[in-house]
Amino acid sequence: MGSTEPLSEIAHDFSPMMIIYKDGTIERLVGNDIVPPSFDPKTNVDSRDVLYLPENTLSARLYIPKNTKDQNQKLPLVVYFHGGGFCVHTACSSTYNNYLNNLVSEANIIAVSVDYRRAPKNPVPCAHDDSRTAIKWVASHVDGDGPEDWLNHYADFQRVFFAGDSSGANIAHHMGTTGVKTREWREAMWQFVYPSMIDCNDPLINPAVGSNLTSQQGCARMLVFVAEEDMLRYRGWFYCKKLKESGWKGDVEIVESQGELYAFHLRNPDCENALSMLKKTAAFFSHDNA
């Protein structure tokens, strides 16, 4: 016979991402399929996990093209921050493992995919704090004497990029700067992952408002992608508009994928628009003046 114990009542329903129950249980509905690092024969990319903050068991997954053998051949370095609303997915999720393998192969780069603590147990700005720590760990290799040989030998620290999708794109921005019902769902979600925010114009969650965009100024170029059918599409366009108006002297390009939904490049990586996006991203990393 089945248990007669009543199920815990739902406190917050953030489907399709997660459900929070009144007893404190967190049910994450996506991003739970964890895969180990390994050599991927399809892309000829190797990967391994390293601890960048051992005391908190925080790790990053490193990716490198397998044919990289000449230590005089330095490759562009991409630090990647995964998406998931600050509360789902990890750097080890199969979705991101597959995407980084494809990106590293196409662009011929080294990538560091950062894992960070997730809300609601660790609310924003924990993800940003962890990401800064990860960047400091990466930077410890700039003189070739850091703890990770792949970065010491093959990373070109004159060509470093921050990248991410969704909440990871929010992190990438901040790292670079050292309908009504739908809106209510988004605002409630933000209040949940970032309880101390005043409103949705908090600079930490809305980089285009109240923040000093002109300090985006450790970088010279930016590439922004949006999807036509994504409810957050207009935020990407607004961000680029405000960036251009800010007086920043760099170059920003925005690309809109027609007929696509949020995170289409992760959900359907072999579709025409996803492959086009991958090639565009790879070309951006390969630019001589990065």
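In this short talk I will go through a hairpin, a helix, one glutamate and the cysteines of this structure.

What we are looking at is a predicted model, in which local features need pLDDT of at least 70 and side-chain atom pairs count only at pLDDT 80 or more, while totals for chains, interfaces and linings use all residues. Residues are numbered from 1 along each chain as its sequence is written, and side-chain values use heavy atoms, with hydrogens and water left out.

Let me start with strand 1 (residues 10-14) and strand 2 (residues 18-21), which run antiparallel and are joined by 4 bridges; strands here are DSSP runs of E with at least two residues, helices are runs of H or I with at least four, both numbered from the N terminus, and two strands pair if DSSP finds at least two bridges between them. The two strands form a hairpin with 3 residues between them, and Asp13 stands opposite Ile19.

In helix 2, the buried residues include Cys126, Asp130, Ala134 and Trp137, where buried means under 20% relative accessible area, exposed over 50%, and partly exposed in between, with a 1.4 Å probe and protein chains only.

Beyond that helix, Glu148 lies in the loop between helix 2 and helix 3 (149-154), and Glu148 counts as buried because its relative accessibility is 6%. Leaving aside neighbours within four places in sequence, its contacts, meaning heavy atoms within 4.5 Å, are Arg48, Val50, Leu62, Trp137 and His141.

Finally, the structure holds 0 disulfides, a disulfide being a pair of cysteine sulfur atoms within 2.5 Å; Cys87 is buried at 0% relative accessible area, whereas Cys219 is partly exposed at 27%.
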